[in-house]
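Please walk me through this structure.

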Amino acid sequence: MTTIVVRHKVGDFNTWFQGHEDRKRVFAPAINSFKTLRDANDPNSIALVIEVTDMEKLQSIIDDPANAELQKKHTVLRPITISLPVDI
C-alpha cells in the first residue's frame, strides 16, 4: 500500500463535503482509506491523504469521463494534483 496526497479546489465546500459517501463508493476499488483535510486559509482548498491499493486504478477512476458528472456535482475544480512518496 502507498500513501499519497491528492489536492484540488472545489467551488463550494459544503456541496463537496456532502458527497463523502459518493467518494467512498467510487474510490473503493483502488483505495483502503482516506482522510480529508481543508486548507486553514482557503475553505475551498481540499487535500486527501489516501492509502492506495492500486495506483493505476485510482488514476483511471479520476480520469474516467463517467465520473466527470460526479465531479461536477461535487464542484471539484481541476487541476487535481497527486503527490507521491519519496524514499529518503
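A residue counts as buried when its relative accessible area is under 20%, as exposed when that area is over 50%, and as partly exposed in between. The model discussed here is predicted.

By this criterion Phe13 and Trp16 are both buried. For Phe13 the relative accessibility is 10%, so the residue falls in the buried class. Phe17 has a relative accessible area of 47% and is therefore partly exposed.

A pair of aromatic rings is described by two quantities, the distance of the centres and the angle of the planes. Two aromatic pairs are found in the structure. In one of them, the ring centres of Phe13 and Trp16 lie 5.9 Å apart and the planes meet at 40°, so this pair is tilted. The cut-off behind that label is that planes under 30 degrees apart count as stacked and those over 60 as edge-to-face, with the rest counted as tilted. The rings of Phe13 and Phe17 have a centre distance of 5.4 Å and a plane angle of 25°, so they form a stacked pair.

The positions along the chain can be read in the same terms. Helix α1 covers residues 13–17, and Phe13 and Trp16 are three residues apart in it, so about one helical turn separates them. Phe13 and Phe17 are four residues apart in helix α1, and they too are separated by about one helical turn. Through the ring pairs, Phe13, Trp16 and Phe17 are linked into a cluster.

Two arginines lie over faces of these rings. Arg23 is placed over the face of Trp16, 3.7 Å from the ring centre. Arg38 is placed over the face of Phe13, at 3.6 Å from the ring centre.

Strand β3, which runs over residues 45–52, is mostly covered, with six of its eight residues buried.

Key
Residues numbered from 1 in each chain as written. Predicted model: local features only at pLDDT ≥ 70, side-chain atom pairs only at ≥ 80, totals over all residues. Heavy atoms only, no water. Phe/Tyr/Trp six-rings, centres within 6.5 Å; stacked < 30°, edge-to-face > 60°. Buried < 20%, exposed > 50% of the residue type's maximum accessible area, 1.4 Å probe, protein only. Lys NZ or Arg CZ within 6 Å of the ring centre and 35° of its normal.
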